[in-house]
Amino acid sequence: MERIEIIRMTEIPDNAMNLALTNLYETRWSKYQTIVRLFNGVLSLANIYLLSTTSEYCDAKVRVMILGKETQGWGGEFAEKNPSILELQQLYTLYTYEEKGNGAAFQRFVNWVPTIMEGVSVIPNNIVKIGKASKNGHYADVANVCNAELPLLKEEIMITKPHLVVVPSSNIEVYNECMAAQLGNCEERLLDEQVSLRYYESFPDIPFIVCPHPQGKSIEVLDKIKKIISEYVFAASEQ
């Protein structure tokens, strides 16, 4: 059975967060289609990265959003060029919750977070919702248009209600403008020489931990990062 058929068979859990996410995407779908048409034939874009949640996440004692940069391709297994909202949410469900990613360092990091303690659940997301079709990175012109016309991150955070957001990035300065455009200004202080804590205007009660991307990092560096994240997870569990 081809993966495209598996994706279409994957069910999206019926919960309030998913209903709200789907409604959000439906109200913005025409904007997304306009962006696709704007860059069609000029740039090779990945499909937009749409979220879904599980019942476990909705009911978790501590909900953690892992905020990556963008996907390296997304939805290329679809035969059609323009998959639907449901199909993209099904792809997210299959990849994130059933297959648990591709085994890369970032995905291993995502899979580690729920092991910190019982009652922790994660939801991966991206700062830039539309990456390149088959390469790392994103197109600045596309990101700028999305920030202005298709700002989803703020509302996704409002809907999914994370207690903590972790931002693993090797070059976060490239993405600070995108985050500020959608979340407002932030207050920031160092927790470690490589790890900082941010509070954004839009979410003054949610800590954002910005840390190095796990790819290629030493065990010592990863252990420091994990220790800091664990401390904030434990703190959230006591609220």
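Q: Which residues of helix 5 are buried?
A: In helix 5, which covers residues 105–112, the buried residues are Ala 105, Gln 107, Phe 109, Val 110 and Trp 112. Buried means under 20% relative accessible area, exposed means over 50%, and partly exposed lies in between, with a 1.4 Å probe and protein chains only. Helices (H or I, at least four residues) and strands (E, at least two) are DSSP runs, numbered from the N terminus.

Q: What kind of model is this, and how are residues numbered?
A: This is a predicted model, in which local features need pLDDT of at least 70 and side-chain atom pairs count only at pLDDT 80 or more, while totals for chains, interfaces and linings use all residues. Residues are numbered from 1 along each chain as its sequence is written, and side-chain values use heavy atoms, with hydrogens and water left out.

Q: Back to helix 5: what do its buried residues pack against?
A: The buried residues of helix 5 pack against strand 1 (62–68), helix 4 (85–98), strand 2 (120–126), strand 3, strand 6 (203–211) and helix 9 (219–237). Contact here means heavy atoms within 4.5 Å.

Q: Where is Pro 168, and is it buried or exposed?
A: Pro 168 belongs to strand 3, residues 164–168. Pro 168 is buried, as its relative accessible area is 1%.

Q: Which residues is Pro 168 in contact with, leaving aside neighbours within four places in sequence?
A: Pro 168 is in contact with Ile 66, Leu 67, Phe 106, Phe 109, Cys 211, Pro 212, His 213 and Pro 214, once neighbours within four places in sequence are left aside. Phe 109 is one of the buried residues of helix 5.

Q: How many Å apart in space are Pro 168 and Ile 206?
A: Their C-alpha atoms are 16 Å apart, and the two residues are 38 apart in sequence.

Q: Changing topic, how many helices and strands does the protein have?
A: The protein has nine helices and six strands. Its radius of gyration is 17 Å, close to the 18 Å from the globule rule for 239 residues, so the protein is as compact as a globular protein of that length. That radius is taken over C-alpha atoms, and the globule rule is 2.2 Å times the number of residues to the power 0.38.

Q: What box do the C-alpha atoms fill?
A: Along the principal axes, the C-alpha atoms fill a box of roughly 45 × 35 × 35 Å. Of the 239 residues, 53% count as buried.

Q: How many of the contacts join residues at least 24 apart?
A: The share is 77%, among contacts between residues at least 6 apart in sequence.

Q: How many disulfides are there?
A: The count comes to zero disulfides, a disulfide being a pair of cysteine sulfur atoms within 2.5 Å.

Q: Are Cys 146 and Cys 178 buried or exposed?
A: Cys 146 counts as buried at 8% relative accessibility, and Cys 178 counts as buried at 6%.

Q: Which residues is Pro 151 in contact with, apart from neighbours within four places in sequence?
A: Apart from those neighbours, Pro 151 is in contact with Arg 28, Cys 146 and Gln 182. Pro 151 lies in the loop between helix 6 (140–149) and helix 7 and is partly exposed, with a relative accessible area of 28%. Leu 183 is 32 residues from Pro 151 in sequence, and their C-alpha atoms are 9.5 Å apart.

Q: What is the phi of Lys 161?
A: Lys 161 has a positive phi of about 50 degrees, although it is not a glycine. Lys 161 is placed in the loop between helix 7 (153–160) and strand 3, and at 47% relative accessibility it counts as partly exposed.

Q: Where is Thr 22 found?
A: Thr 22 is found in helix 2, residues 16–39. Thr 22 is partly exposed, with a relative accessible area of 21%. Thr 22 and Leu 86 are 64 residues apart in sequence, with 8.0 Å between their C-alpha atoms.

Q: What about Val 221: where is it found?
A: Val 221 is found in helix 9 and counts as buried at 17% relative accessibility.
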